[in-house]
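Dear colleague,

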Amino acid sequence: MTCALTVAIPTYNGADRLPMVLAALLAQINTEAIDWEIWVIDNNSRDRTLEVLRDFQQRSPLIHWDCEPEQGAAFGRQRAIERAQGQWVAFLDDDTVPAADWVAQVWAFAQSAWVDRALVGAFGGRILPELAGPEPVGFGRIRSLFAIVDRGDRPFVYDPHPGLLPPSAGLVVRRSAWLACVPRRLILGGRTGDTWLTSEDLEALVYLQRSGYAIAYCPTMQLIHQIPAQRLTADYLRPFARGIGWSRYVVRMLRVDRPRRPIATGFYFLSDLRRCWQWALAHPGGWRSPDPVLVCERSLLISTLTSPGVMGRWLHDREATLARSPAPLLAADSIAIAIPTYNGAARLPALFDRLRDLEIPEGLTWEIWAIDNNSRDRTWEVLIQIQQTWTACPLHISQEPRQGAAFARQRAMRLSGARWVALLDDDNWPEPAWLREAIAFAQAHPELGAFGGKILGAYAVEPPPALHELAGYLAIRDYPEFADRPGQFDAHQLRLPPAAALVVNRAAWLAAVPPEPHLGGKRAGRFVQGDDYEPLLYLARSGYGIGFAPRLRTHHQIPAWRLDRAYLCQLARACGLATFALKRIVTPPIAWPLLALRIMVANGSKALRLLPTNPTQDDWVRSVRRSFFWGCALSPWEDLRRTWRR
């Protein structure tokens, strides 16, 4: 059974702190309409934590308990994610007390259109301090180390480049995003015994950002962080700051591509050295001062400066371990149908009529995500009407403001929590057995990154006899070379299935496909194809196979205007213009100049050979092919122009 929101509290020896947090949660207001639960994860406590929790469980059925035997906050949070039933998981530390309306504010923000449009994968709020003792002089300079956050009264998305992120206290994460993007074993596990390495929460958020999710700030969520006097002493602050400083190298390098890390390390070292020098000038005698704030700053600066030497080899070894770690937990038999649509109000009702007729295997978990890609007709209203009467499975609707089918597919891939995602255009009607055949083929070939099947043409008017020679431009594919047997496509030759009716391994996509597509797809004033091949080439470059499923059949609806000669020439040219951008994905950069030259010469000569000797006798098949080859010949220049504009 699933719920809407899970509040998770990892705790270690929290018998004295948990009562305040749990009492505040049970006293939350405005939660009547929220389906929520509380999970307390005991991370190897040796005090009365379990007894305290049992007392609270008798007061409310909302509270659940589990134990994580591996020491470290990161392991406690991972256990909470795996046990949670909520779509969103809100983390609380056992020394952070939520405001009376905190749960209501969390849920209101999570359900807001702003969060959906920004594709938010996690968000945090305000954290205000409550010190048990007097505030040390200069405490404001180190308050951020204590997870104290107040960043104004307006929500915003954190810029990934400066590296500023919210702490884990009060952090709310999209569970499906965490499961898909965050390794089950982080490099930084959190403080354990004598090991004071922290920032495991920032590491998890970096993985989310790298996968295209936004991290946001919600000003209406407020917590009080209880800070005992012992945490403000020099003896505590010295190892506390040292652990944060050493962890910075790991968090920094995770943002940088591996080949660029040596250069980035050098730049960070010079920057940290400059900060040490500036601090020494601002605080004469600070290197020997017993003042707690100066001790904390000194320890942080030195440990940050030395973190490459301390953590470099350790990071390399742990990354190698992560590469061999188990994949994220995803339902074995789960599939989502993703429908990107632009101005699809007239086409969507007929498509959903076909989806109602799908044969659903017993035990299959499935859902539908319909993504409105900036439509200007009644698409959104039509989707809402369909959603109100749809009962076959969960039907989610969302909007993607960036124009282009590639962006809509990326949004669907990140919003869904299914293991497999079946992409379906709004003019592709699947046969009743389509979903059953898709999940059967996926289970038989779990190693594939994606697979497609046959796409048959459903023409509104009788097509010209010669159309079979050009049907590929209209995403109509029969693949006679496979002889109705399963096989694999040759990605290096751009022999690939189109996105219409493509089934994708979601974990492979998130791991291999960049979140920002280079080829966004058709949009106003821009007619360049290749957006469906681009992610498949990234999958192939990462070692995933692209398969052919012969029993997977859909019917592509072709209106009369798509058989017009001028349209087909434009479409063929658009396909050709993407050639260089696609082939360079699977070509080493050193060979790009030669690749560009070969594409221009070979395709230019083919186009010249197709020039008619008598223009009045130029048949439309030759003209369409000629448009394609001209597009191919110009594709290096088109790619250069597109890159320059970006």
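At 40% relative accessibility, E469 counts as partly exposed (buried means under 20% relative accessible area, exposed over 50%, and partly exposed in between, with a 1.4 Å probe and protein chains only). Please bear in mind that this is a predicted model, in which local features need pLDDT of at least 70 and side-chain atom pairs count only at pLDDT 80 or more, while totals for chains, interfaces and linings use all residues. Residues are numbered from 1 along each chain as its sequence is written, and side-chain values use heavy atoms, with hydrogens and water left out.

The side chain of E469 meets that of R625 in a salt bridge at 3.1 Å, N to O (a side-chain nitrogen of Lys or Arg within 4 Å of a carboxyl oxygen of Asp or Glu). Because R625 lies in helix α20 and E469 in the loop between β15 and β16, the pair ties together parts that are 156 residues apart in sequence (helices, H or I with at least four residues, and strands, E with at least two, are DSSP runs numbered from the N terminus). R625 is itself partly exposed, with a relative accessible area of 35%.

Elsewhere, salt bridges that share partners join D116, E400, R402, R411 and E516 into one network, and a search of the whole structure finds 35 salt bridges. Another of these joins K454 and D478 at 3.6 Å, N to O; K454 is buried, with a relative accessible area of 8%, whereas D478 is partly exposed at 41%.

With kind regards
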